[in-house]
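Subject: Structure handover and findings

Hello,

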Amino acid sequence: MGQAVTGNNIMDYDTVALSDSGDAVVIIDQTKLPGALELISLRTAREIWDAIYCLKVRGAPAIGVAAAYGIYVLARSMPRGSFEEFYQEFGKQKEYLDSARPTAVNLSWALNRMEQVCLANRICPVEEILEQLRREACRIQQEDIAVCRAIGEFGLTLVKPKDGILTHCNAGKLAASRYGTATAPIYLGQEMGYGFRVFADETRPLLQGARLTAYELKESGVDVTLICDNMSALVMKKGWVNAVFVGADRVAANGDVANKIGTSLLAAAARQYQVPFYVCAPTSTIDMATPTGEEIVIEERSGAEVTEQWYACPMAPEGVKVFNPAFDVTDHTLISGIVTEYGVIEAPYREGFEKIFAAKERGAQVSHCG
């Protein structure tokens, strides 16, 4: 059962948090927005899996944070007799949570990172392993905040005050711990008085742009205009858009990007009207093990999301066939640059990614007991 919150701004709450007692993942239920701001506590594996699959928590960074806190919460109830017993159950629950969303790489990235901490501390008592897991989950969230801010700072170098910015889906505060990815330059610009004019695609079929992006930007005082997905080319042609910022759920090694369905169409329109098209993606979203976008598994969802979910009565004839992929892949040739916490990467992307991962590897550390 969720806890309704009244009289508060959504920006006052974390998208994902660990409860004070450590026994639950507390999230904003994004399926209830913008009609109601409701916090829900997730304690069981099924509740955490459902929250990720049903998009109660969504957005690549937020999914990663939820997974990290989630596996910690579940680990608290795992056998403590020996490391082998503990780790066997840990592996089962990790695999189960990882099956919730196949396209967003942050889910497996966060779970793998938690597993590495578990293995690195295998000689420690289980109680100490649990403490290290809690610390790592908190670290993942704090890193996400810093990463999103850095993305915002680099993104700001690509635009100027009073610019028009177009964004798709929701890569905002609700998709991350704070700032968001694609909205990070917008929020930082808002703090600095840049006065951006933002156009938010409604984003079919789940309407994350209308329900979430328009909502959170409006709540934050940003000048935002909601448009239907098929209006983006028109606002570009009118000269109202100076840059496009979108997020990413997975970036292939060659720079191809999987993002919410409709992103590739937006990129093609931006190329036609000579509007720079930027992808804002933390390095955790870059998957060097996936050579190109052709290898990215695209999640397909229920046709009911298109035909009836958002309507009082069905919007389409009963029994009609529906093709409902959640994502598409934007070819790297249509992307002006990929904005990471290490800077703006331009083509050739593989070489740029290799450089930033080399730098990241030199600074990588894993906590140990003792």
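Predicted model: local features only at pLDDT ≥ 70, side-chain atom pairs only at ≥ 80, totals over all residues.

Residues are numbered from 1 along each chain as its sequence is written, and side-chain values use heavy atoms, with hydrogens and water left out.

Helices (H or I, at least four residues) and strands (E, at least two) are DSSP runs, numbered from the N terminus.

**Sheets**

Two strands pair if DSSP finds at least two bridges between them. Seven strands make an open sheet with mixed pairing. Their order is β7-β6-β5-β8-β11-β14-β15. The edges are β7 (223-227) and β15 (343-345). Each has a single partner strand, so one side of each is left without a neighbour in the sheet. On average, neighbouring strands of this sheet are turned by 25 degrees against each other, direction ignored.

Inside that order, β11 (residues 277-280) and β14 (residues 337-340) run parallel and are joined by three bridges. V279 has I338 as its bridge partner in β14.

β3 and β4 pair too, in the antiparallel sense, over four bridges. There I27 has I40 of β4 as its bridge partner. β4 is mostly covered, with five of its six residues buried. For accessibility, buried means under 20% relative accessible area, exposed over 50%, and partly exposed in between (1.4 Å probe, protein chains only).

**Helix packing**

Two packed helices are described by the angle between their axes and the distance between the axes. The axes of α3 (residues 83-98) and α5 come within 10 Å and cross at roughly 35 degrees. Axes here are lines fitted to C-alpha atoms, for helices over the stretch in contact, and angles run from 0 to 180 degrees between N-to-C directions.

Which residues of α3 and α5 meet? From α3 come F83, F86 and F90; from α5 come V126, I129, L130 and L133. Contact means heavy atoms within 4.5 Å. By class, the contact of α3 with α5 has seven nonpolar, no polar and no charged residues. The classes are these: Ala, Val, Leu, Ile, Met, Phe, Trp, Tyr, Cys and Pro count as nonpolar, Asp, Glu, Lys and Arg as charged, and the others, Gly among them, as polar.

**Aromatic pairs**

Rings of Phe, Tyr and Trp (its six-membered ring) pair if their centres lie within 6.5 Å; planes under 30 degrees apart count as stacked, over 60 as edge-to-face and the rest as tilted. The count comes to nine aromatic pairs. W49 and Y96 are stacked, because their ring centres are 5.9 Å apart and their planes stand at 15 degrees. This pair links distant parts of the chain: W49 is in helix α1, Y96 in helix α3, 47 residues apart. W49 is buried at 16% relative accessible area. Y96 is partly exposed at 28%.

Y194 and F196 form an edge-to-face pair, 5.4 Å centre to centre and 65 degrees between the planes. Y194 and F196 are both buried. Ring pairs also link F83, F86, Y87 and F90 into a cluster.

**Salt bridges**

The whole structure has 19 salt bridges. Each is a side-chain nitrogen of Lys or Arg within 4 Å of a carboxyl oxygen of Asp or Glu.

- D23 and R43: closest N and O atoms 3.5 Å apart. D23 lies in the loop between β2 (16-18) and β3 (25-28), R43 in the loop between β4 (37-42) and α1 (45-53), so the pair ties together parts 20 residues apart in sequence. D23 is partly exposed at 28%, and R43 is partly exposed at 44%.
- D29 and K32: closest N and O atoms 3.8 Å apart. D29 is buried at 3%, whereas K32 is partly exposed at 37%.
- R135 and E131: 3.0 Å, N to O. They are four residues apart in helix α5 (residues 126-156), about one helical turn. R135 is partly exposed at 40%, and E131 is partly exposed at 24%.

Salt bridges that share partners also join R101, E299, R301 and E305 into one network.

**A loop residue**

E202 lies in the loop between β6 (197-201) and α7 (208-219). Is E202 buried or exposed? E202 counts as buried, at 13% relative accessibility. Leaving out residues up to four places away in sequence, E202 touches L207, Q208, G209, A210, L226, I227, C228 and D229.

Best regards
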